[in-house]
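Hi,

Here is the model I promised to pass on.

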Amino acid sequence: MIQLRAICRNASRHAEHRLSVKSRPTPRAWISTGPQQQHGTFYEFRTYYIQPHLNAAFLKLTTEKIHLRTAHSELIGYWSVEYGGLNQVFHIWKYDSYAQRASVRAALAQDPNWIEQYISKAMPMLSSQDNEVTYLVPWSKVQKPPKDGGVFELATFQMKSGGPAVWGKTFQAAVGTHTGSGYAHAVGVFHSEFGLLNQVHVLWWYESADQRAATRHTSHEDARVVAAVRESAAYLLSQKSKLMFPCAFSPIK
């Protein structure tokens with residue numbers, strides 16, 4: 001009889017434990033990468049590395065035939081790299097979705113003019129290609145410079161893992177102190193999705209390379225800029241930059 005009571009008590013405790021586990025709320029992820037992308041629009045960054053002796057020929061061919069490519073999708077900008085990388089071109093393409101990009105690539109593969117007049121001639125001029133998919137950060141949008149001309153700097157920041165939830169506010173403050181104080185014009189701030197992750201790219205515009213140098217010297221003496229950059233740097237692993245000139249056919253120039 002005593003053994004029977006013990007068995008009943010154990011069975012009751014096990015049943016209560018199972019009910020307790022079932023009634024617990026489903027755990028939710030507590031780590032977030034920050035504000036989520038609210039639409040499908042993304043920007044493909046493409047970098048082409050040109051054989052040095054064919055750099056001028058590649059740029060001439062592209063200038064003459066780029067219309068064959070822009071007939072299929074929207075080009076944001078196309079630049080020739082001057083400092084921070086030799087014999088390179090950098091371009092940004094906008095897509096509404098991955099399905100749209102796939103359809104564009106399929107159409108290009110079937111476009112005889114694109115293949116015969118451009119691809120068949122341009123590809124042998126390249127030593128390699130690279131691409132990256134990026135989204136605009138939630139607080140940025142593509143903004144053309146106040147006037148045509150000038151130079152563009154693509155500043156790339158390798159941030160610590162965790163996404164904008166970790167470093168977003170401090171990075172926004174660092175960019176904001178530069179733009180808000182009139183030191184530079186931000187064309188756009190982009191966050192990597194495919195490619196090397198936790199990268200942020202800021203595309204800056206300056207009237208000239210010398211104006212950039214003078215502006216940076218002045219901004220580095222601004223206490224607001226220094227404080228914001230120091231706080232953001234706590235989440236920074238590395239950085240690099242390229243100074244670029246827009247091609248004549250570039251929509252942003």
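How many bridges join strand E5 (residues 151-159) to strand E8 (residues 236-246)? There are 8, and the two strands run antiparallel. At one of these positions, Met159 has Leu236 in E8 as its bridge partner.

Before going on, some housekeeping. This is a predicted model, in which local features need pLDDT of at least 70 and side-chain atom pairs count only at pLDDT 80 or more, while totals for chains, interfaces and linings use all residues. Residues are numbered from 1 along each chain as its sequence is written, and side-chain values use heavy atoms, with hydrogens and water left out.

Overall, the protein has 7 helices and 8 strands (DSSP runs numbered from the N terminus: H or I of at least four residues for helices, E of at least two for strands). Of its 253 residues, 40% are buried (buried is under 20% relative accessible area, exposed over 50%, partly exposed in between, with a 1.4 Å probe and protein chains only). Among contacts (heavy atoms within 4.5 Å) with a separation of 6 or more, 82% are between residues 24 or more positions apart.

The barrel

The 8 strands close into a barrel, in the order E1-E3-E2-E8-E5-E7-E6-E4, with antiparallel pairing (two strands pair if DSSP finds at least two bridges between them). From one strand to the next, the twist averages 35 degrees.

E7 (residues 199-206) is worth a look: 8 of its 8 residues are buried. On one side these are Gln199, His201, Leu203 and Trp205, and on the other Val200, Val202, Trp204 and Tyr206, so both faces are covered. E7 is joined to E5 by 8 bridges, antiparallel, with Leu154 opposite Leu203. E7 is also joined to E6 by 6 bridges, again antiparallel, and there His185 has Trp205 as its partner. E6 and E7 form a hairpin with 4 residues between them, and Gly195 in the turn has a positive phi of about 115 degrees.

The helices

Helix H3 (residues 98-109) lies across strands E1 (42-50), E3 (88-95), E4 (126-136) and E6 (185-194), at about 40 degrees to E1. For these angles, axes are lines fitted to C-alpha atoms, for helices over the stretch in contact, and angles run from 0 to 180 degrees between N-to-C directions.

Helices H5 (residues 164-180) and H7 (residues 223-233) have axes that come within 8 Å and cross at roughly 155 degrees. That makes H5 roughly antiparallel to H7 (under 35 degrees is roughly parallel, over 145 roughly antiparallel, 65 to 115 roughly perpendicular, the rest oblique). On the H5 side the contact includes Thr170, Phe171 and Ala173, and on the H7 side it includes Arg224, Val225 and Ala228.

H2 (residues 55-70) and H4 (residues 112-122) also pack at about 155 degrees, with axes 10 Å apart. H2 is therefore roughly antiparallel to H4. Phe58, Leu61, Thr62, Lys65, Leu68 and Arg69 in H2 meet Asn113, Trp114, Gln117, Tyr118, Lys121 and Ala122 in H4. Thr62 is buried, with a relative accessible area of 0%. Leaving aside residues up to four places away in sequence, Thr62 touches Tyr78, Tyr118 and Phe249.

Cheers
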